[in-house]
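Let's walk through this one together, one question at a time. Have a look at the sequence and the structure first.

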Amino acid sequence: MSDLLYSEEEEALRAAVRDLLTDHCDAAGVIARTESDTPHDLSLWKALADGMGLAGLLVPEDRGGQGATHREAAVVLEELGRAVAPVPYLTSAVVATEALLACGDAGDLLAELASGRRIGALAVGLHTAPGAAFTTVRLESGALHGELTGIADAAVADVLLVPADDGGLYAVEAGTATVTPQVSLDLTRPVARVTLDGAPGRRLGDAETAVPRALRAGAGLLASEQLGSAEWSLTETVGYLKDRKQFNRPVGGFQALKHRLAQLWLEIVSLRAAARGAADALATGEDTGVAVTVAQAYAAPVAVRAAEEALQLHGGIGMTWEHPVHLHLKRAKADSIAYGTAGAHREALAELVDLRAP
Amino acid sequence: MTDATELRRRTKELLAAHPPADTDRLDFLRARFDAGLAWVHFPEGLGGLGAPRSLQAVVDAELEAAGAPDNDPRRIGIGLGMAAPTILQYGTQEQKRRFLKPLWTGEEVWCQLFSEPGAGSDLAALGTRAVREGEEWVVNGQKVWTSSAHLARWAILIARTDPDAPKHRGITYFVCDMTDPGVEVRPLRQITGEAEFNEVFLTDVRIPDAHRLGEVGDGWRVAQTTLNNERVAIGGMRLPREGGMIGPVAKTWRERPELRTHDLHQRLLKLWVEAEVARLTGERLRQQLVAGQPGPEGAGMKLAFARLNQEISGLEVELRGEEGLLYDDWTMRRPELVDFTGRDAGYRYLRSKGNSIEGGTSEVLLNIVAERVLGLPAEPRTDKDVAWKDLAR
């Protein structure tokens with residue numbers, strides 16, 4: 001049975017990340033940044049990657065990383081989710097890194113991503129479920145041609161990992177591609193269009209193995225990010241309802257609202273078990289398929305509901321641009337599509353546990 | 001400190017002195033109790049060794065491997081799960097010595113006389129009266145939803161001893177002799193057709209003061225120990241994947257492709273995921289307990305399982321199509337155990353309706369989570385400082 005708890009080291013890691021985010025990632029700053037030309041916070045990214053060495057958790061030490069596991073990366077993601085931090089952690093340090101780990105010829109790229117000196121993005125639409133078909137570009141006389149959309153965090157990527165129609169996964173320098181930000185529902189993890197017009201690429205390995213592995217890790221660890229966001233929504237709402245008074249009493253004393261929050265608490269407690277189960281399964285390689293699909297089929301609806309409940313229970317203030325609940329709602333809703341919808345994961349589960357469609 | 005090695009040694013010693021194959025079942029259980037291997041976390045002399053509770057599994061595994069008889073814990077769940085921890089915490093030395101051993105061996109079955117027709121969720125409003133006469137208490141009243149009352153030798157009972165005090169403060173906790181001539185047990189037939197539970201009428205039942213647990217007027221606090229343990233017992237079962245109600249549905253789905261529809265498929269997968277997540281949540285809770293970090297999550301497990309059992313069994317009736325129109329048996333019977341898997345889908349559907357009522361309704365549990373875990377304000381109360389006798393009823 002998998003270990004569903006947090007170790008002392010994991011709790012220490014959480015505390016360190018939370019301290020950094022408390023100091024450098026306040027909600028007002030994140031909101032202001034979403035309307036600037038640089039929605040991503042690259043100085044925060046530098047502090048996480050360079051200062052704390054967190055971009056290399058999944059990379060073995062002899063390949064330039066920290067030699068930790070998905071369990072630790074999941075703890076980092078919980079905290080990043082709680083702060084809706086606009087950094088490319090899930091996309092570069094998890095998904096692109098997993099893709100490189102699956103490739104025979106990643107070369108120095110793996111160590112560069114692990115150190116955080118460069119940011120990578122897998123050029124597969126964020127909506128793609130592990131095991132689903134994905135768009136490729138044309139390989140013509142050694143150069144790549146085509147257009148890919150919905151690429152998360154591509155705007156800050158230094159290198160794009162691009163699947164081509166020969167079955168290969170290619171490293172493309174972002175400077176040789178045209179990356180156009182798309183106006184995105186999620187302000188803190190925006191997507192972009194990548195256009196390749198004869199861009200040179202270096203073949204890393206086989207896309208058919210690298211892409212599903214990367215997306216599976218992304219789906220599994222996204223559950224931890226969703227857990228962090230859902231916890232923020234609950235904590236923030238409980239705090240507000242203890243304070244907010246109407247009808248001469250704290251609003252949080254009304255049973256109709258208390259029951260909704262208690263129900264949400266129960267779902268978040270359950271999400272924690274599912275998310276830890278997925279992180280542990282990814283770390284050990286045991287039961288990964290079921291653990292990841294279960295976690296992602298459960299996590300997205302809980303995270304969305306948590307943000308929706310937070311908005312409703314905050315009343316009018318929850319509807320304002322100034323209050324950060326919308327950052328979580330937009331992130332949670334976009335994440336309910338990211339790496340496959342809950343429905344897509346249930347469909348995959350039907351095969352895995354032999355509960356087949358009629 | 002008694003560690004796993006020491007427990008294994010003592011277990012082997014017990015098995016050598018009382019080989020299960022040649023020992024009467026009850027003799028073996030009594031010897032196991034005397035060896036301190038019944039519940040290792042209990043004190044020495046009372047069936048335990050003062051060892052960590054998590055080490056019980058070590059003893060159980062050794063005994064199971066040796067083919068030793070167990071005390072049929074499902075038959076005596078109320079005694080083990082509720083009466084015993086309460087007696088341990090509040091009983092006198094004499095009470096502990098008298099009651100715990102036959103309770104654990106199953107020689108004496110226990111039941112719980114708490115709920116009343118007028119005191120369900122508001123248990124503290126109970127009206128069964130206990131009046132002191134010398135060294136005895138005379139008890140009159142009616143209790144309800146009492147499982148095992150027809151089998152029980154003893155009951156844990158809460159009764160009103162001071163009607164002039166506010167309701168939480170005028171209650172006293174007793175051990176009641178179920179063979180007293182004033183105790184009348186009547187089966188209470190439920191929607192499944194059978195009668196797991198009873199109504200218990202108490203008419204001039206005489207209880208010696210020596211069978212009081214805790215102080216006079218302190219019964220509500222004593223009862224909290226019982227009720228907290230009840231919820232642990234209900235929510236804390238360990239399950240393999242597909243080990244709960246989802247198991248029979250998944251089996252039917254695999255074996256009977258002709259029953260499958262797209263709508264049922266979507267709902268089944270959703271419930272399968274929820275059942276697996278609930279299982280993981282229970283497993284995580286157990287890992288926390290073993291690691292000595294008990295969390296508040298236990299309060300939620302009963303809520304989760306109640307809803308899941310109801311939704312899954314409801315789906316199962318639908319899945320069975322024409323067979324879902326049938327029911328296995330409406331005969332009035334008195335089962336010793338609740339067995340969800342031994343009966344048809346219709347039974348599971350009906351019986352699981354009780355899961356969100358028994359042991360605290362889901363509505364009350366949500367209040368408890370909101371107030372004790374999330375720290376939200378309590379409902380404004382109109383009954384706290386009013387004498388029990390002046391409450392609306």
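Before we start: two residues count as in contact, or touching, if their C-beta atoms, placed from the backbone, lie within 7 Å. Also keep in mind that this is a predicted model.

Q: Which residues does Ala299(A) touch, leaving out those up to four places away in sequence?
A: Ala299(A) belongs to the largest nonpolar core, which has 165 residues, and is listed there with Ala99(A), Leu160(A) and Ala274(A) as touching the most other members. Leaving out residues up to four places away in sequence, its contacts are Ala223(A), Gln226(A), Leu227(A), Leu271(A), Ala274(A) and Ala275(A).

Q: How many residues are in the second, separate core?
A: Now we move over to some chain B names. Leu14(B), Val59(B), Ile78(B) and Val222(B) are included in this other core. Its size is 61 residues.

Q: Where does helix 9 of chain A bend?
A: Helix 9 of chain A covers residues 288-314 and reaches 38 Å from its first C-alpha to its last, close to the 39 Å expected. There is a bend of about 25 degrees along the way, and a proline, Pro301(A), follows within four residues of it. The bend sits at Ala299(A).

Q: What residue follows helix 9 of chain A, and what is its phi near?
A: Helix 9 of chain A has 27 residues, 288-314. The residue that follows has a positive phi: Gly315(A), near 65 degrees.

Q: Why is helix 4 of chain A largely enclosed by the rest of the structure?
A: Helix 4 of chain A runs over residues 70-82 and spans 18 Å between its end C-alphas, close to the 18 Å expected. A residue is called buried if 20 or more other C-beta atoms lie within 10 Å of its own. The helix is largely enclosed because its buried residues number 13 of the 13.

Q: Is Ser141(A) buried or exposed?
A: Ser141(A) is in the loop between strand 2 (138-140) and strand 3 (143-152) of chain A, and has a positive phi of about 40 degrees although it is not a glycine. The cut-off for exposed is 12 or fewer C-beta neighbours. Ser141(A) has 5 inside 10 Å, so it counts as exposed.

Q: Is Trp145(B) buried or exposed?
A: Trp145(B) also has a positive phi, near 60 degrees, and is not a glycine. Its place is the loop between strand 3 (136-144) and strand 4 (154-160) of chain B. It has 22 C-beta neighbours inside 10 Å, so Trp145(B) counts as buried.

Q: How many residues of domain 1 of chain A are in contact with domain 2 of chain A?
A: Chain A is divided into domain 1 (8-91 + 101-117), domain 2 (121-207) and domain 3 (210-352). The C-alpha centres of domain 1 and domain 2 of chain A lie 21 Å apart. Against 14 residues of domain 2, domain 1 brings 15 residues.

Q: Which helix of chain B supplies the largest share of the side that touches chain A?
A: In all, 35 residues of chain B are in contact with 34 residues of chain A. Helices 7, 8, 9 and 11 of chain B each supply at least two residues of that side. The largest share, 16 residues, comes from helix 8 of chain B.

Key
Residues are numbered from 1 along each chain as its sequence is written. Chains are lettered from A and ligands numbered from 1 in the order in which they are written. This is a predicted model: local features need pLDDT of at least 70, side-chain atom pairs count only at pLDDT 80 or more; totals for chains, interfaces and linings use all residues. The expected span of a helix is 1.5 Å times one less than its number of residues. Domain bounds come from an automatic or database domain assignment. The bend at a residue is the angle between axes fitted to the seven residues ending there and the seven starting there. A nonpolar core is a set of buried Ala, Val, Leu, Ile, Met, Phe, Trp, Tyr and Cys residues joined through C-beta atoms within 7 Å.
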